[in-house]
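Please read the numbered points with the sequence and the model at hand.

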Amino acid sequence: MLIKSSINILVVENDITVLQKCRELLVNEGHRVRTAESVEEALAIVQKQPGEVDIMLLSLELPGWGGLTLINVLQKAKREILIMTMSANCGEEAIEAVHAGAYDCIRKTFTADRFWTKINRAIEAFRLRRQLGVLTRQRQAVLSEVGHDENLSAILQSFTDGLVVTDWQTNIVLLNENAASLFDLTREKALGHPISDCIKSDELLSFFMRAIKSDSSLAPLMAGEEPVVKVGERAVRVHVDPVKNETGTAIGAACLFHDVTSISAMAKLRDDFLSMVSHELKAPLSSLLMQISVVLDGLAGDLSAKQSDLLGKAKEKTKGMITLVNDLLDYRRIQEGKSIQKIENLDMAEILRRTAELMRLSAEEKEITMSCDIAEELPSFTGDRGGVEAIFVNLISNAIKYTPKGGNVNVTLNKAGKEIRFRVVDNGMGIPSEDIDRIFDKFYRIKTEETRSISGSGLGLSIVKGIVDAHNGSIRVESEAGKGTTFVVSLPSEA
Ligand code: ADP
């Protein structure tokens, strides 16, 4: 027999034959056995001597309160008892018991071999659970000790940044004075308390949780432009890392806070200024474009070929400037969390038809064949009209911009389950694989010989992404350099 040290087992069974058989087998192997013939009796034993029962062998065919009720009561009370059920056929009620937290089920018609296969497995599971509990408590103890090391405390107090360390349950085990003053805390108020009670920020809490779970998506975020989190009136740049023990297990998380409230205020001032200038430029640029177009169309007199050529170039540059100004205004709006201005029922087919018609002129100028297929039956969609227009305009205009003369652009809008799917396919220059992950970053533009002469701000796709996210949708891109690009936007019909 594998099992050496004895285990406390409570057998709860009103069928005396089964009860005796279990007791005999268990006692013969040196386990301490108690018995109960009803749920009430079993509960009394568990409540009187908590910790005195390791494993419970529980019949599912007890009269009165069934065995299932007992499982639910024990689960609620968080008793660390491993429950093994017994029943005549281990049918539906046994499955229900496992869902409620029981470990497994034994048929009452068991042979000694069958009994021991199941019981030994349960004993192993119980021991593993107990070891896990011990390890967990040890993990906590290691970090709590750090807080009492005076030398270490002195070093940590000298940091100009705020520092907070939590255990694996996100309880604060260490914080320096700068962190305390940054968040208006005292050591007494913070130590031993969950970070969510002390620093009110769901985003920050999620960083701690991800660090403790060693979520791999956190590391690149912390390695890049570290996130700025708003806590009340303060803006803090955070860097969170897991704290690991010598075996590499995360036993907590450590976070450095850098107060950037004043820098953020400066950045806001700069952004507001940029918005204001963009706004002021929009009207004169549009008027300039109109006047150039009037002259180019010959409405102000005949033009020589040279004059037409120069004015044509001026018109293109002006258009580029208007796009830049519009991008800057859209981007600012999204940054301020205003990507959705008004939610209303939208006729997506009509919006796309109109947008595609407006874009057809630019396609024709480049001899690009543009097709637009819109499904007849589309689910109703509620969203922001300006946002949806911006998604359509940006993706279609990119397809035209980055497809050489004579190419094809195909736009489709259809239903996919509960979503509306918008797809733009071009056979243009494509996106090199090394750039594909970065095209949604703000101001990111691909620099190749082909794209050099194409104007743009690098904001279009980040604007599209912001709007799609605000509508709870998703955007996907497939592309191969030299072959073409496909963008697919999926929007839930009830955003
Ligand atoms: P831009 O103003 O430069 O067009 P975007 O944010 O709209 O900015 O796009 C970012 C970059 O992604 C572009 O500079 C371009 O290199 C690439 N890109 C976007 N759409 C396409 C496309 N359909 N085909 C090829 N490259 C594209």
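1. Once neighbours within four places in sequence are set aside, Gly192 is in contact with Asn171 and Ile172. The model is a predicted one, and in it Gly192 sits in the loop between H8 and helix H9 (195–198). Gly192 is partly exposed because 13 other C-beta atoms lie within 10 Å, whereas a buried residue would need 20 or more. Trp116 is 76 residues away from Gly192 along the chain, and 44 Å separate the two C-alpha atoms.

2. Asp184 is not a glycine, yet its phi is positive, near 55°. Is Asp184 exposed or buried? Asp184 counts as exposed, because it has 12 C-beta neighbours inside 10 Å and the limit for that class is 12 or fewer.

3. Cys90 also deserves a check of its backbone. Most residues other than glycine have a negative phi. Cys90, although not a glycine, has a positive phi of about 50°. Cys90 belongs to the loop between strand S4 (82–87) and helix H4 (92–100). Its 18 C-beta neighbours inside 10 Å are the reason why Cys90 counts as partly exposed.

4. The domain assignment divides the protein into domain 1 (8–141), domain 2 (147–259), domain 3 (270–338) and domain 4 (339–495). Taken over C-alpha atoms, the centres of domain 2 and domain 3 are 48 Å apart.

5. Just after H12 comes Gly298, with a positive phi of about 80°.

6. Helix H13 (residues 305–335) contains 31 residues; from its first C-alpha to its last it reaches 45 Å, close to the 45 Å expected at 1.5 Å a residue. Which residues of H13 are buried? They are Thr323, Val325, Asp327, Leu328, Asp330, Tyr331, Arg333 and Ile334. An α-helix has 3.6 residues a turn, so residues three or four places apart point the same way. The partners against which the buried residues of H13 pack are H12, H15 and H16.

7. The last point concerns Ser455, which is found in the loop between strand S15 (419–426) and H16. Ser455 is partly exposed because 14 other C-beta atoms lie within 10 Å. Between Ser455 and Arg445, which are 10 residues apart along the chain, the C-alpha separation is 9.9 Å.

Note on methods: Residues are numbered from 1 along each chain as its sequence is written. This is a predicted model: local features need pLDDT of at least 70, side-chain atom pairs count only at pLDDT 80 or more; totals for chains, interfaces and linings use all residues. Domain bounds come from an automatic or database domain assignment. Helices (H or I, at least four residues) and strands (E, at least two) are DSSP runs, numbered from the N terminus. The expected span of a helix is 1.5 Å times one less than its number of residues. Two residues are in contact if their C-beta atoms, placed from the backbone, lie within 7 Å.
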